[in-house]
Amino acid sequence: VQTYASLLRVLIRNKSFAEAVKIRTLMVKSCQIEEDARFVLIVLREMNCGDIRFSIDLRCYNMLLMSLARFMMIDDMKSVYREMLKDNVSPNIYTFNTMINAFCKLGNVREAEVYLSMILQAGLKPDEHTFTSFILGHCRRKDVDSATKVFITMPQRGCQRNVVSYNNLMHGLCEAGRVDEAERLILQMKDDNCSPNVRSYTILIDALCGLGRRLEALSLFKEMKKEGCEPNVHTYTVLIDGTCKDGMLDEAK
RNA sequence: GCUACAACA
């Protein structure tokens with residue numbers, strides 16, 4: 001990250017702006033830890049107003065917000081959002097969705113709703129990412145019923161549900177102990193132009209194991225492979241974890 | 001085209 005920053009300064013001094021944009025993108029995206037994100041934030045801010053002016057465009061603001069979101073730096077996100085308005089850069093649906101998703105991750109649906117109303121004020125249309133984040137947010141607050149409501153209204157509002165919408169709701173249902181409803185959803189997905197992915201199966205397998213329904217978990221595991229869905233580390237972890245807990249070591253292999 | 005989801009610890 002530091003290297004990108006130095007390189008960036010050189011490029012700007014040489015007025016190689018096309019190259020600079022590329023490096024800036026790499027810099028913002030390469031943040032591995034919170035400290036990197038903080039550093040990038042400082043660098044971009046000083047470039048945005050410094051004498052060697054290299055202003056932040058919409059795309060860069062969005063990527064910056066995403067990097068901050070990765071480390072749950074919600075306060076910094078709020079300030080960056082305010083700064084972009086001051087800078088006369090109009091947020092687009094990506095910007096709003098990034099903000100909404102961050103709040104929803106924290107279960108702060110109230111604040112997410114503020115940004116939803118801003119989408120409408122801006123004359124934009126909330127999309128499947130927007131609603132899918134709200135499903136997540138409600139589930140994080142253990143309010144599966146509100147999540148279900150959002151899920152139901154999506155098609156009514158012209159949004160196709162996608163795998164993640166399903167996964168989020170299934171996860172919420174599982175955490176509420178409503179695994180049977182989640183199992184119904186994974187079947188329903190197929191009639192809704194969605195195919196379950198590794199995560200869909202892993203969520204269900206995990207829940208079944210947690211309830212001690214290991215045989216069902218194992219048959220789901222077989223089914224996913226039959227469907228051509230490759231299990232990954234997470235799948236094996238929940239499966240091994242769940243089956244070993246009760247001494248079924250042989251199935252675990 | 002720059003955005004979202006799962007396990008253990």
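The expected span used here is 1.5 Å times one less than the number of residues in the helix, and helices (H or I, at least four residues) and strands (E, at least two) are DSSP runs that are numbered from the N terminus. The structure is a predicted model, in which local features need pLDDT of at least 70 and side-chain atom pairs count only at pLDDT 80 or more, whereas totals for chains, interfaces and linings use all residues. Residues are numbered from 1 along each chain as its sequence is written, chains are lettered from A and ligands numbered from 1 in the order in which they are written, and side-chain values use heavy atoms, with hydrogens and water left out.

**The chain as a whole**

Chain A holds 15 helices and zero strands, and its C-alpha trace spans about 65 × 40 × 30 Å along the principal axes. Of the 253 residues in chain A, 47% are buried, where buried means under 20% relative accessible area, exposed means over 50% and partly exposed lies in between (1.4 Å probe, protein chains only). Among the contacts in chain A with a separation of 6 or more, 58% come from residues 24 or more positions apart, a contact being a case of heavy atoms within 4.5 Å.

**Around helix H10**

Within H10, the residues Ser165, Tyr166, Asn167, Asn168, Leu169, Met170, Gly172, Leu173 and Cys174 are buried. At the start of H10, a side-chain oxygen of asparagine 162 comes to within 3.0 Å of the backbone nitrogen of valine 164, while just after H10 glycine 177 adopts a positive phi of about 80 degrees.

Asparagine 167 has its place in H10, and it counts as buried because its relative accessibility is 5%. When residues up to four places away in sequence are not counted, asparagine 167 touches Asn197, Arg199, Ser200 and Ile203.

Glutamine 188, which lies in helix H11, counts as partly exposed because its relative accessibility is 34%. The side chains of glutamine 188 and tyrosine 166 are joined by a polar contact of 3.5 Å; such a contact is a pair of N or O atoms within 3.5 Å, and within protein one must be able to donate a hydrogen and the other to accept it, while residues adjacent in sequence count only if both atoms are side-chain atoms. These two residues, glutamine 188 and tyrosine 166, are 22 residues apart along the chain, and their C-alpha atoms are separated by 9.4 Å. Apart from its neighbours within four places in sequence, glutamine 188 is in contact with Phe151, Arg161 and Tyr166.

**Helices H1 and H3**

The axes of helix H1 (residues 2-13) and helix H3 (residues 34-49) come within 10 Å of each other and cross at roughly 10 degrees. H1 is therefore roughly parallel to H3. On the H1 side the contact is made by Gln2, Ala5, Leu8, Arg9 and Ile12, and on the H3 side by Phe39, Val43, Glu46 and Met47. The residues of this contact of H1 with H3 divide into six nonpolar, one polar and two charged. In these terms, axes are lines fitted to C-alpha atoms, for helices over the stretch in contact, with angles running from 0 to 180 degrees between N-to-C directions. Angles under 35 degrees count as roughly parallel, over 145 as roughly antiparallel, 65 to 115 as roughly perpendicular and the rest as oblique. Ala, Val, Leu, Ile, Met, Phe, Trp, Tyr, Cys and Pro count as nonpolar, Asp, Glu, Lys and Arg as charged, and the others, Gly among them, as polar.

Leucine 64 is found in helix H4 (residues 58-70), and leucine 239 in helix H14 (residues 233-244). Setting aside neighbours within four places in sequence, leucine 64 is in contact with Val28, Val40, Leu41, Leu44 and Val80, and leucine 239 touches Ile205, Cys209, Leu218 and Phe221.

Lysine 15 is found in the loop between H1 and helix H2 (17-29), and its phi is near 60 degrees, a positive value in a residue other than glycine. Lysine 142, in the loop between H8 and H9, has a positive phi of about 60 degrees although it is not a glycine.

| Residue | Relative accessibility | Class |
|---|---|---|
| Leucine 64 | 3% | buried |
| Leucine 239 | 8% | buried |
| Lysine 15 | 63% | exposed |
| Lysine 142 | 66% | exposed |
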